[in-house]
Amino acid sequence: SRHVEALEALMDALSEGLSPLENFILPGGSPGAAELHVARCVCRRAERLAVALAREEPIGPMVVRYLNRLSDALFVMARFENHQRGVAEPLWQPGL
């Protein structure tokens, strides 16, 4: 769908200036990035609920795919926001 493609194009554009992921990133950083991470959590919850609903009744063929891409876009937006603000991304450190 064109909406999914638009999200993928946005993620590609925002990712151009970001360093490649080498570690797991924890939610947080700048206030804007933290809010984008919260929005991502809400979007993931909607995705899980849509999957459960699809087991019970028909839903649109692109609903789950769109929600999945949207949550990925929100993650990239949070990374971009931290990058723009000069805030280091909180990295997951095993054992802490």
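How many aromatic pairs does a search of the whole structure find? I got 1 aromatic pair (Phe, Tyr or Trp rings, the six-membered one for Trp, with centres within 6.5 Å).

**Ground rules.** I'm working on a predicted model, where local features need pLDDT of at least 70, side-chain atom pairs count only at pLDDT 80 or more, and totals for chains, interfaces and linings use all residues. Residues are numbered from 1 along each chain as its sequence is written, and side-chain values use heavy atoms, with hydrogens and water left out.

**The pair.** I looked up the geometry: Phe 24 and Trp 92 sit edge-to-face, 5.8 Å centre to centre with 75° between the planes (under 30 degrees is stacked, over 60 edge-to-face, the rest tilted). Phe 24 is in the loop between α1 and α2, Trp 92 is in the segment after α3, and 68 residues separate them. Helices here are DSSP runs of H or I, at least four residues, numbered from the N terminus.

**Exposure.** Phe 24 counts as exposed because its relative accessibility is 61%, while Trp 92, at 43%, counts as partly exposed. I used a 1.4 Å probe and protein chains only: buried is under 20%, exposed over 50%, partly exposed in between.

**Core.** I found 7 residues: Ala 33, Leu 36, Cys 43, Ala 50, Leu 67, Leu 74 and Ala 78.

Definitions and conventions:
A nonpolar core is a set of buried Ala, Val, Leu, Ile, Met, Phe, Trp, Tyr and Cys residues joined through side-chain atoms within 4.5 Å. Helices (H or I, at least four residues) and strands (E, at least two) are DSSP runs, numbered from the N terminus.
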